Amino acid sequence: MAVEVGDLWATLKESIVSYTGLSPATFFSVLALAVAFYYTLSAFFSPPPPPRRSREDFEEAQPLPPPVQLGEITEEELTVYDGTDPKKPLLMAIKGQIYDVSQGRMFYGPGGPYALFAGKDASRALAKMSFDDKDLTGDISGLGPFELEALQDWECKFMSKYTTVGTIKKVVPVTEEPVVEGSNTKAEGEPSESVVDNAEASEVSLGDSHKE
């Protein structure tokens, strides 16, 4: 057995010398360096291990509760659904229709690129692609055809992606009824009731004096 191992080693050394031109010691040194270099290089280019998920990440990954139908609410009531309270759904409105955009919290939630639209009817801002506070309104009067078309695209996107949960209540301003002049007033030159009563009393007294 020992003789066979010795013959095999002798054959291996001859093969190394004949094929590589290196001595067996040099060949194995180069081989060891190549293996070490390979593992070192792999450590630099291998992907890092996945980070451990925190409790907050786990809670955010939980399935969202089903949308809650709110019915008709005012714009002021809509503002409480701007994402600042994580226990409430994230809502925004387009053309009076309220959508639950909770699944798009990374866009419309706090810190997102469209966070200022949350809790508001942002029809005008979306139509104009504006981030000015003055455009954060549902008033779309005076918009041009291209702006109205852009708003229509946004509305179609929201209708296909998010659930409608309510509508914006239209607040009608209360105005006082105008007072119709002359309804309870006397025409100019017409004697008042007190004057007529005094005249009737005078006629009665004159009639009594003639009878006497």
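**The sheet and its strands**

Guide: Asp-100 has Thr-163, in strand 4, as its bridge partner. This is a predicted model, in which local features need pLDDT of at least 70 and side-chain atom pairs count only at pLDDT 80 or more, while totals for chains, interfaces and linings use all residues. Residues are numbered from 1 along each chain as its sequence is written, and side-chain values use heavy atoms, leaving out hydrogens and water.

Visitor: What counts as a strand, and when do two strands pair?
Guide: Strands (E, at least two residues) and helices (H or I, at least four) are DSSP runs numbered from the N terminus. Two strands pair if DSSP finds at least two bridges between them.

Visitor: In which sense do strand 3 and strand 4 pair?
Guide: Strand 3, residues 97-100, pairs with strand 4 in the antiparallel sense, over four bridges.

Visitor: And strand 1 with strand 4, parallel or antiparallel?
Guide: Strand 1 (residues 71-73) and strand 4 (residues 163-168) are parallel, with three bridges. Ile-73 stands opposite Ile-168 of strand 4.

Visitor: What is the strand order of the sheet?
Guide: The order is 1-4-3-2 in an open sheet of four strands with mixed pairing. Strand 1 and strand 2 (91-94) are the edge strands, each pairing on one side only.

Visitor: Which residue of strand 3 does Leu-91 stand opposite?
Guide: Leu-91 stands opposite Asp-100. Strand 2 and strand 3 pair in the antiparallel sense over four bridges.

Visitor: Changing topic, which strands does helix 7 touch?
Guide: Helix 7 (residues 145-161) packs on the sheet and touches strand 2 and strand 3, contact meaning heavy atoms within 4.5 Å. The direction of helix 7 makes about 135° with that of strand 2. Axes are lines fitted to C-alpha atoms, for helices over the stretch in contact, and angles run from 0 to 180 degrees between N-to-C directions.
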